[in-house]
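I opened this entry to record what I looked up, going from the overall fold to single contacts.

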Amino acid sequence: MDKNKFNDIVNALTGLKAHEWTKIKIAVQHLFDQKYALLEIDDKEKLRTNLKLEFGAPDEG
């Protein structure tokens, strides 16, 4: 995050009431949840590589 964006956030949140923060948090989380629901695994080889790293290569045969 760059310095200007950081300062904008600090300025925007200063003086915020708890109930206002809760409303903002819910609205932002809802948007992220909607975007997150659209994600899908679309690269079989990357998936295979990542699973091998986590679990080790399966025995052949």
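My notes on fold, surface and charges follow.

**Fold.** I am working with a predicted model. Along the sequence the pattern reads α-α-α. The radius of gyration is 21 Å, well over the 10 Å that the globule rule gives for 61 residues, so the chain is more spread out than a compact globule. I then checked the C-alpha trace, which spans about 65 × 25 × 20 Å along its principal axes.

**Burial.** How many of the 61 residues count as buried? I get 0%. The chain exposes about 6,300 Å², and carbon and sulfur atoms supply 58% of that.

**Nonpolar patch.** I looked for nonpolar surface and noted a patch of about 880 Å². Its members are Met1, Phe6, Ile9, Val10, Leu13, Trp21, Ile24, Val28 and Phe32. Helix H1 (3-13) and helix H2 (18-36) each supply at least two of the patch residues. I picked out Val10, which sits in helix H1. Val10 counts as partly exposed because its relative accessibility is 38%.

**Charges.** I found 1 salt bridge in the structure. It joins the side chains of Glu45 and Arg48, at 3.6 Å from N to O. Why are these two about one helical turn apart? Because Glu45 and Arg48 are 3 residues apart in helix H3 (residues 44-55). Glu45 is partly exposed at 48% relative accessible area, and Arg48 is partly exposed at 41%. Last, I checked the 10 positive and 11 negative charges of the chain: their mean positions are 9 Å apart.

Conventions: Residues are numbered from 1 along each chain as its sequence is written. This is a predicted model: local features need pLDDT of at least 70, side-chain atom pairs count only at pLDDT 80 or more; totals for chains, interfaces and linings use all residues. Side-chain values use heavy atoms; hydrogens and water are left out. Patches are made of residues with over 30% relative accessible area and no salt bridge: like charges are joined within 9 Å, nonpolar side chains (Val, Leu, Ile, Met, Phe, Trp, Tyr) within 5 Å. Accessible areas come from the Shrake-Rupley method with a 1.4 Å probe; for residues, only the protein chains shown count as cover. A salt bridge is a side-chain nitrogen of Lys or Arg within 4 Å of a carboxyl oxygen of Asp or Glu. Helices (H or I, at least four residues) and strands (E, at least two) are DSSP runs, numbered from the N terminus. Buried means under 20% relative accessible area, exposed over 50%, partly exposed in between (1.4 Å probe, protein chains only). The radius of gyration is taken over C-alpha atoms; the globule rule is 2.2 Å times the number of residues to the power 0.38. Lys and Arg count as positive and Asp and Glu as negative; His and the chain ends are not counted. The place of a charge is taken as NZ of Lys, CZ of Arg, CG of Asp or CD of Glu.
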